[in-house]
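Q: I have not looked at this one before. Can you walk me through a few parts of it?

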Amino acid sequence: RLRSDAPPLARVASVQCENRAALAADAEAAGFRILASPEGHTPVTTGIPPDTATCADCLAELFDPADRRHRYAFINCTQCGPRYTLTRRLPYDRAMTSMAVFALCPACRREYSAPADRRFHAEPNACPLCGPRLALVDARGLPLSADGDDTIAATLALLRAGRIVAVKGLGGFHLACDARNAGTVARLRERKHREAKPFAVMAANVASARAWGVVDDAEQRLLQCAERPIVLLRRRQDGGAGNGAAPRSEALAGVAPGLHTLGVMLPCTPIQFLLFHEAAGRPAGTAWLAAPQDLLLVMTSANPGGEPLVNDNAE
């Protein structure tokens with residue numbers, strides 16, 4: 001059952017069995033327990049789990065107006081969320097992660113402590129009462145909006161107005177802009193000193209990606225897998241709606257100049273899903289996750305080439 005009943009993200013490398021004498025039948029030794037990691041330099045024989053895209057269960061909660069994590073930009077569980085990027089050292093305990101400064105509220109503590117709960121020992125577990133919060137600031141670090149839904153709405157408004165936004169996420173920052181705004185894309189190229197190298201774009205879902213590239217079954221599986229890779233799609237050449245619009249290859253001419261392929265990815269983090277949710281008009285439920293959407297964002301690393309990862313706001 002260690003293999004057959006393992007959690008969705010578990011990868012069991014090996015199972016070793018050893019005969020041992022039974023423990024004494026006293027109250028202290030009875031039952032199965034997960035103990036706190038011992039102090040000191042105990043040898044560690046495991047790796048750090050990778051970051052994983054927001055799972056379907058968390059998305060259902062994220063867009064349920066009755067849920068206590070409705071539109072919470074840092075929702076996660078044992079099936080998804082940040083792991084590697086918030087780990088400071090092993091063993092992988094909350095005290096060893098960047099979540100150590102966020103004390104669990106009573107409701108989150110109950111989830112974290114209940115073996116039958118989906119968030120049992122989910123180290124990044126948090127909610128709007130006890131976890132990280134959103135902020136939108138200008139280049140000087142001055143606030144542009146309050147925490148919560150206003151931050152998402154204000155960010156989307158900036159993107160639609162042709163601005164470039166640095167979005168803090170997993171493993172640093174993305175520089176984001178409207179992929180269909182040729183002037184903004186050109187400005188981003190100038191600032192990145194990136195004359196011709198292609199940018200990757202983020203679409204809301206597979207239906208949206210199909211408006212710009214050819215998606216077969218294998219590519220769809222890659223786009224939707226938990227790792228959320230950038231997938232190279234053959235670019236569509238048609239004009240889309242048949243209303244005299246420019247061919248798709250011309251509409252994104254500055255994104256991947258001279259190429260017949262387009263690097264496309266789907267949302268990975270809750271904040272990315274929330275931007276597309278805002279663009280969809282904030283519908284309740286998850287049906288909108290499959291509906292085609294016009295919003296297409298360039299998402300490129302804010303990290304200078306060859307430099308250490310930028311993860312500090314001031315930097």
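Q: Where is Thr-300 found?
A: Thr-300 sits in strand S9; strands are DSSP runs of E with at least two residues, helices are runs of H or I with at least four, and both are numbered from the N terminus. This is a predicted model, where local features need pLDDT of at least 70, side-chain atom pairs count only at pLDDT 80 or more, and totals for chains, interfaces and linings use all residues. Residues are numbered from 1 along each chain as its sequence is written, and side-chain values use heavy atoms, with hydrogens and water left out.

Q: Is Thr-300 buried or exposed?
A: Thr-300 has a relative accessible area of 5%, so it is buried (under 20%; exposed is over 50%, partly exposed in between, with a 1.4 Å probe and protein chains only).

Q: Which side chain does Thr-300 have a polar contact with?
A: That of Arg-194, at 2.9 Å. A polar contact is a pair of N or O atoms within 3.5 Å; within protein, one must be able to donate a hydrogen and the other to accept it, and residues adjacent in sequence count only if both atoms are side-chain atoms.

Q: What else does Thr-300 touch?
A: Leaving out residues up to four places away in sequence, Thr-300 touches residues including Phe-173, His-174 and Leu-175; contact means heavy atoms within 4.5 Å.

Q: Phe-173 is the bridge partner of which residue?
A: Lys-168. Strand S3 (residues 165-169) and strand S4 (residues 172-178) run antiparallel and are joined by 5 bridges; two strands pair if DSSP finds at least two bridges between them.

Q: How many residues lie between S3 and S4?
A: There are 2 in this hairpin, and Gly-171 in the turn has a positive phi of about 75 degrees.

Q: New topic. How many residues of H8 are buried?
A: 10 of the 10, so H8 is largely enclosed by the rest of the structure.

Q: What do they pack against?
A: The buried residues of H8 pack against helix H1 (56-62), H3, S3, S4, strand S5 (201-203) and strand S9 (296-301).

Q: What comes just after H8?
A: Gly-281, which takes a positive phi of about 95 degrees.

Q: And Leu-156, which helix is that in?
A: Leu-156 lies in H3. Leu-156 is buried, with a relative accessible area of 4%.

Q: What does Leu-156 touch?
A: Not counting residues up to four places away in sequence, Leu-156 touches Leu-275, Glu-278, Ala-279 and Leu-295.
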